[in-house]
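I opened the model to work through its chains, its sheet and its packing in turn. These are my notes on what I looked up.

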Amino acid sequence: MPKVTYVDYAGNAQEVDVPVGENVMHGALYHGVEGIVGECGGGLSCATCHCYIDDAWTQKVGGPSSDIEAELLEAAAAEVKPTSRLSCQIEMTDALDGLVVHMPESQY
Amino acid sequence: MPIDAANPVPPAFPRHVGMDQVPDHVPPELIRQSGLTVGPEFLAGPHDFMAALHEKQPPIYYDVSPMGNMWHMLKHEDALFGLRHPEIFSNEGATPFPRDPDDYFYFIPIEIDPPHHRKYRNIVDPVFSPKGVLKLEEQIRRRSNDLIDGFIDKGECEFTEEFGRPLPVSVFLDIMGLPQDMRDTFVSWAMQLLHSNDRAIMGQAMQSITVYLKEAIAEKKANPDDGVVSLIAHAAPDGVPLSDKEIFGFVCFLFIGGLDTVFATLNNIWLYLAQNPDKVQEIHERPQDIDKVVEELLRRWSVTFSGRVLDQDYEMRGVKMKKGDRVTFILPACNFDPEVFPNPLEVDFDRPRRTILAFTVGVHSCMGAHLARLEVKIALQEWLKRIPSFKLKPGTHIEYRPGGVIGPENFSLVW
C-alpha cells in the first residue's frame, strides 16, 4: 500500500499507509496524525487540511485542482506558499507512494 | 473533565430558565429577551429576523427565554473561534434532548469532546465522506423521481409532505439499513422531539425512539448487514467493541441529526425558489455551477444552531462568561454576518468561497454534510428537469413554528 509521510511543524515525521483512492486528509485522520484537522470532511468548505507539498513532490502532485480549492487556500490560517494544497483534494495513487507533506503550525 | 462514554452520567450543571434565574455575573445591559425561535417577530420570518440581529443586538448577549437562558453569539469570527476550541466551549451536556436519568446515555459523537470523539467518527466517516455518499447518487435520483411521479400530473403538490419530508427520510432509512415502512412513524417521532417545544411530549417521543432503536440494534447484532446501524453495532475501535450504551447513543444521535434537518432545508429552499423565478432561471442556465448554487442556498437557508457549555471562565469582546454558562452560536446569523458576506440576504451564486456555518465547524462539523449537499443537489436537478417552473399556490399562508430546526410549515406549489 502506498505510504505518505506527514511532517509536523516541529519537524517530526510520521509515515502511514494510505490506500489508493483515499485522500491525504483522511490518511492523517484515520491514523491519528495531528496537524491535519479536515473538519468539513473533504467538502471543500473549510481549508483546515492545509499542507505544503515537499519540494521533491510538487511536480507530481501539481497545484490546486479547482478554483474553489485555490479560493479556500487564500483564506487558510497559516502562510500560503506556492506548494500549498488542501490535502483532502490529493487522492492517493501508486505514483504518489512515498509522498512527503509538511503541515503548517496551525489550521485555524 | 473527559467523560467516560461507556459509563454515562447526567451533567451536573444547572439549566437556567427565566428572568429570575439570570446568574449574578451577567451584566444587566447584556440581558435580552430576543425572542429567537419563540417570539412573534421570529416566527413571522426567521431568517430575516436572524439577519437583523446584527443591527438590533450586540455581538454577544445573554438571552432569557422559556427554552433556557444562554449566551447568544452572532459573529462569524466568534463562531469559528468558539466552535474550534472545544477545551473552552465544551459539547459535554450541551445537547438539549431529555433522557431518562436512570438509563442515561450520551449522544455520540456530538457530546464527546476530543480526543475520544475521533474514535467514533472514524467508524462512520467513510460512509459519509464525499466519495462514500456518491454511491447513493442513483438511489437518491430514483427516490426523487418516484416522489415526483406521484404528483406531477396533478399540477400541484403540498411540498413538505409530498417531497420535502419523504425524500431525506427514505434516504436516511436506506443508509441506516432500516425498513422503509417505518418512514412516517420516524417522521412523527422527529417532529415531536424537535418541534413540540414541550418537554413532556419530547420525553414521550424519546421513549418511543428508545424502544424501537434498541430492538433494531439487537436485530442487527444477530443479523449483520451493510447498513450503518449494523456497522456501529459491530464496531470495535482498537479491537474493543463498543458498549451497548455507546451503540445506542450513536444510533440514536444519527436518528435525531439525520431526519429533520434536510427536510427543513428543502422546505426553505423550495419556498424561496417558488417566489424567485429569476433564480430558478439562473439555475437552469448554469447547470455546471450546481455545486456553487447548493453552497449559496445552504448559506442563505441554514436551519439550526450549535449549543455549547463553557468549560472554563472565558472573556470574549469584553464579555466575561463563567464556567457552566450555556452558549448558542446562532449559525444562520453567522452566515448573515455582513463583514464576511456583504449584502447577506442576497442570494449570489458567485460569492467568493468562505466557510459557511450551515454544518457548523470544528471537530463536530456535521458528518452528514456531504449527504445533505448531495440530496439538495439531486433534488434540485431532478425537480427542475421535470417541473422547470413553479410558484406558490395562491392563498397559501406561510407559518413557522417554534423549534430548534427552522423551516416553514405546510405550503403548496402549483405549475
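Predicted model: local features only at pLDDT ≥ 70, side-chain atom pairs only at ≥ 80, totals over all residues.

Residues are numbered from 1 along each chain as its sequence is written, and chains are lettered from A and ligands numbered from 1 in the order in which they are written.

Entry: the two chains. I looked up the interface and found 14 residues of chain A in contact with 19 residues of chain B. By class, the side of chain A that touches chain B divides into 8 nonpolar, 4 polar and 2 charged residues, where Ala, Val, Leu, Ile, Met, Phe, Trp, Tyr, Cys and Pro count as nonpolar, Asp, Glu, Lys and Arg as charged, and the others, Gly among them, as polar.

Entry: chain B overall. I read off 17 helices and 11 strands. The radius of gyration of chain B, taken over C-alpha atoms, is 21 Å, close to the 22 Å from the globule rule for 415 residues, so chain B is as compact as a globular protein of that length; the rule is 2.2 Å times the number of residues to the power 0.38. Along the principal axes, the C-alpha atoms of chain B fill a box of roughly 60 × 55 × 40 Å.

Entry: the sheet. I traced an open sheet of 6 strands in chain B, in the order E1-E2-E3-E9-E6-E4 and with mixed pairing, two strands being paired if DSSP finds at least two bridges between them. E2(B) (residues 60–63) and E3(B) (residues 70–73) run antiparallel and are joined by 4 bridges, whereas E3(B) and E9(B) (residues 326–329) run parallel and are joined by 3 bridges. Trp71(B) has Tyr62(B) as a bridge partner and is also the bridge partner of Val327(B) in E9(B). In the hairpin of E2(B) and E3(B), with 6 residues between the strands, I noted that Gly68(B) takes a positive phi near 125°. Helix H3 (residues 76–83) of chain B lies across E3, E4, E6 and E9 of chain B, at about 125° to E9(B), the axes being lines fitted to C-alpha atoms (for helices over the stretch in contact) and the angles running from 0 to 180 degrees between N-to-C directions.

Entry: the interior. I took a residue as buried if 20 or more other C-beta atoms lie within 10 Å of its own, exposed if 12 or fewer, and partly exposed in between; by this test 43% of the 415 residues in chain B are buried. Which helix is largely enclosed by the rest of the structure? H15(B) (residues 290–300) is, because 8 of its 11 residues are buried, among them Val293(B), Leu297(B) and Arg300(B). The buried residues of H15(B) pack against helices H13 (261–274), H14 (277–285) and H17 (369–386) of chain B.

Methods
Helix = DSSP H or I, 4+ residues; strand = E, 2+ residues; numbered from the N terminus. Contact = placed C-beta atoms within 7 Å.
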